[in-house]
Amino acid sequence: MTVRHITRQNSKALRLLKPNHILVFTSRSNLSTIVTRNDNYSSKEQTFMYLLKRCSTINHITQLHTQIIKSGVHQNLFVIGKVIAFCAVSTKGDMGYAVSVFRDIENPDGFLWNTMIRGFGKASEPNLAFQYYKRMQDRGEVADNFTFSFLLKICGQLGLNLLGSQIHCEIVKRGLESHVYVRNTLVHMYGLFRDIDTASQLFEEMPMNNLVAWNSIIDCHVYCRKFREALDLFSRMLGTGIQPDEATLVVSLAACSQLGELDFGKWIHHSWIENTKHRDLIPVNNALVDMYVKSGAFEEAYAIFTKMKDKGVITWNIMILGLAIHGHAENALALFEDMLKEKLERPDEVTFLGVLSACSHGGMVDEGRKYFNIMRKHFDIEPTAKHYGCMVDLLGRAGLIDEAYRLIMSMPMKCNAVVWRTLLAACRLHGEVEIGVRVRERLLEVDPEHSSDYVLLANMYASNGQWDEMLSVRKSMKNRSIQKPEPGNSIVGAISHVS
């Protein structure tokens with residue numbers, strides 16, 4: 001073999017090679033591959049392992065895999081395991097290619113079976129994941145703690161309750177329930193099932209809870225909207241002497257946001273984030289900004305926002321949406337314009353939800369029309385039902401009922417009950433009985449049992465002096481046994497915490 005092409009970028013790689021190595025290139029864009037003049041098996045293995053670590057695209061992997069086959073090391077489990085791991089787990093991988101590579105392995109070990117199961121879980125292919133688990137058992141390979149943890153994670157993410165319970169039983173039979181990694185994944189799975197009692201029981205039965213376990217159970221409670229209990233668990237954790245990490249802080253601040261616990265959130269900020277290694281972490285700062293914004297503490301939120309050296313699109317979205325929801329429409333739009341001027345982050349569909357919401361709260365009809373149009377024309381973002389809902393709300397508040405109705409009829413997707421109900425409320429506000437009746441007919445097709453729709457239409461008739469029609473709606477509501485829901489209770493209250 002000869003060196004066909006050596007580029008400047010590869011000179012560093014050359015210096016790392018031994019004299020008996022040859023660097024081969026097929027083009028400037030292709031990955032260089034290293035082969036050896038002799039048949040030293042260990043040397044080939046080390047060479048390919050080195051190159052596999054440097055692969056960054058599926059094209060690199062396929063080229064290198066070809067050389068692996070030619071060199072006769074394609075049955076080496078360490079080498080081929082790296083190929084499959086990239087294809088199955090990497091964000092730039094290809095699960096289909098992983099399957100084709102795995103198919104040619106004569107005696108795959110547990111690591112390879114686990115990697116394939118993990119890859120199918122990542123690709124949201126639960127059937128294939130469990131098929132490979134069954135094949136693994138049929139081949140006599142023993143499932144270990146990693147196998148079960150990957151399967152539990154799949155069950156939790158896809159809501160496979162019955163299958164998750166069956167895997168739990170298998171784990172108990174194998175005596176792996178007490179394994180820390182498996183137990184933490186079990187807690188997480190039951191949390192995703194919203195079975196907080198089972199998750200809590202599994203957590204409390206652990207002889208010693210580490211930080212991962214605490215993070216899992218706190219996250220479970222937040223996911224199940226048990227925010228008060230989540231903060232109590234956070235305080236309990238601190239009482240054991242365990243220090244919070246990034247994940248703990250993010251999820252605990254999320255609980256504060258939902259409860260409106262500004263004081264607790266400030267305490268976390270000043271005690272566990274400010275002047276610590278966590279203060280420059282983007283997820284932690286995003287959680288802080290979100291907590292302050294949702295609590296109405298805009299000065300504190302903006303202070304953190306401006307100090308952040310790196311702002312992702314999520315950071316911008318939190319500020320824009322928070323300002324919009326609290327009625328600071330002009331500030332939200334000004335911030336959006338700043339985002340466009342900086343050109344560091346491209347707005348996404350959530351950004352435009354915040355922008356359109358700001359326009360709606362601020363009564364800025366012309367601006368709303370403009371932003372609704374540019375999201376598609378300039379940013380190639382197709383409006384979702386939520387974007388249409390914001391526009392219907394904006395037009396409805398402004399009394400442009402007919403335009404709002406026409407916008408709904410032009411939607412490329414089926415209009416949901418929330419958007420129709422938004423327009424019905426606008427019809428009631430502006431006395432547009434004729435369109436209101438049409439909207440009500442549409443709502444009967446989508447959600448015929450919602451009490452507020454009957455009430456809105458009846459009140460619309462009453463406001464217009466159409467008493468017979470009002471009584472007819474009330475009678476229809478009674479005949480269908482539809483009643484107004486019971487009033488809710490507030491969960492806002494004091495939470496004791498470590499001071």
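Where is the place of Asn 145? Asn 145 lies in helix α8, which covers residues 145-158. Helices here are DSSP runs of H or I with at least four residues, strands are runs of E with at least two, and both are numbered from the N terminus.

A word on the model comes next. This is a predicted model, in which local features need pLDDT of at least 70, side-chain atom pairs count only at pLDDT 80 or more, and totals for chains, interfaces and linings use all residues. Residues are numbered from 1 along each chain as its sequence is written, and side-chain values use heavy atoms, with hydrogens and water left out.

Back to Asn 145. Its relative accessible area is 14%, so Asn 145 is buried (buried means under 20% relative accessible area, exposed over 50%, partly exposed in between, with a 1.4 Å probe and protein chains only). Neighbours within four places in sequence aside, Asn 145 is in contact with Leu 176, His 179, Tyr 181 and Val 182. Contact means heavy atoms within 4.5 Å. With His 179 there is also a polar contact, side chain to side chain, at 3.3 Å. A polar contact is a pair of N or O atoms within 3.5 Å; within protein, one must be able to donate a hydrogen and the other to accept it, and residues adjacent in sequence count only if both atoms are side-chain atoms.

Now turn to two loops. Arg 225 sits between α12 (211-223) and α13 (227-239). Arg 225 is not a glycine, yet its phi is positive, about 65 degrees. Its relative accessible area is 56%, so Arg 225 is exposed.

Lys 343 sits in the loop between α19 (329-342) and α20 (349-362). Lys 343 has a positive phi of about 55 degrees, although it is not a glycine. Lys 343 is exposed because its relative accessible area is 73%.
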